[in-house]
Amino acid sequence: MAEQAELPQERPATQDQPQNIGRADQAGRSAASGPVPGRPEGPGGTVRIVDLPESDQKSLRTALRHDTPLHDLLGLEMVEIGEDHAVLSMPIRPQAFNSTGNLHGGAIATLIDVAAGTAAARGSGFEPGRQSLVTADLHVRYLGRPHGDQVYARAQVLKAGRQLIVVECRVTDVEHRVIAAADFSMMIVPLRKPLRPVASAKDTDPDL
């Protein structure tokens with residue numbers, strides 16, 4: 001894979017103009033853990049999702065959307081995943097609108113939560129199969145309305161302790177304008193069973 005130029009953090013990662021990215025997960029379910037065997041990586045263990053074979057891209061998309069209907073409704077896509085960061089995209093479409101025809105704050109918060117949770121899982125000592133990851137808090141500042149047809153969330157781990165992982169996240173539009181900024185933290189907790197059984201889920205899956 002050709003080495004990518006380093007872009008400013010506030011510029012969004014797109015399929016045509018990505019930022020540095022991280023390792024894709026083998027099945028996509030826990031993009032939080034493990035590289036795709038045999039896949040080339042860029043500087044710092046980064047790789048663009050668009051550079052993966054179509055079958056791997058499909059696995060990632062299925063894992064992100066199929067088991068979480070809300071992700072499918074919002075059309076979330078993984079753009080980059082790295083050793084301590086993640087970039088996701090979300091289309092601006094009616095499924096994510098509020099009653100006034102604007103992008104719903106809850107849709108933006110969901111995008112942030114998934115991007116920051118993925119970055120936290122990648123950039124910490126989280127041990128899949130032995131532990132769970134849960135969101136401890138999320139503070140979103142809404143700074144403006146987006147232009148264009150996509151928004152992008154770039155989440156970066158600031159500090160990863162033995163239990164608490166602190167992440168910052170910026171959401172930008174296609175014109176690289178910052179429309180939201182967030183502080184996020186996630187906790188590593190003992191493995192726990194879900195509130196309700198889900199046929200496709202395992203007890204060892206991260207709680208993302």
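**Figure 1. The whole chain, before zooming in.** Of the 208 residues in the chain, 45% are buried (under 20% relative accessible area; exposed is over 50% and partly exposed is in between, with a 1.4 Å probe and protein chains only). This is a predicted model, so local features need pLDDT of at least 70 and side-chain atom pairs count only at pLDDT 80 or more, while totals for chains, interfaces and linings use all residues. Residues are numbered from 1 along each chain as its sequence is written, and side-chain values use heavy atoms, with hydrogens and water left out. The chain has three helices and seven strands, running β-α-α-β-β-α-β-β-β-β from the N terminus; these are DSSP runs (helices H or I, at least four residues; strands E, at least two), numbered from the N terminus.

**Figure 2. Helix H3, mostly under cover.** Here 15 of the 18 residues of H3 are buried.

**Figure 3. The largest nonpolar core.** It holds 42 residues, and Leu88, Met90, Leu111, Val167 and Val171 have the most contacts inside it. A core here is a set of buried Ala, Val, Leu, Ile, Met, Phe, Trp, Tyr and Cys residues joined through side-chain atoms within 4.5 Å. H3 puts in the largest share, 11 residues. Zoom in on Val171: setting aside neighbours within four places in sequence, its contacts (heavy atoms within 4.5 Å) include Ile108, Leu111, Ile112, Val151 and Tyr152.

Figure 4. Arg65 is in helix H1 and Glu77 in strand S2, so the pair ties together parts 12 residues apart in sequence. Both residues are buried. In total, the structure holds five salt bridges.

**Figure 5. Asp183 and Arg141, a link between strands.** The closest N and O atoms of this salt bridge are 2.8 Å apart. Asp183 belongs to strand S7 and Arg141 to strand S4, so the bridge ties together parts 42 residues apart in sequence. Asp183 is partly exposed, at 34% relative accessible area, and so is Arg141, at 35%.

**Figure 6. Around the loop between S6 and S7.** His176 lies in this loop and has a phi near 70°, a positive value in a residue other than glycine. His176 is partly exposed at 27% relative accessibility. Arg177 forms a salt bridge with Asp173, with the closest N and O atoms 2.6 Å apart. Arg177 counts as partly exposed at 30%, whereas Asp173 is buried at 0%.

**Figure 7. His85 beside Ala155.** His85 is in strand S3 and counts as buried, at 5% relative accessibility. The C-alpha atoms of His85 and Ala155 are 5.4 Å apart, although 70 residues separate the two along the chain.

Conventions:
A salt bridge is a side-chain nitrogen of Lys or Arg within 4 Å of a carboxyl oxygen of Asp or Glu.
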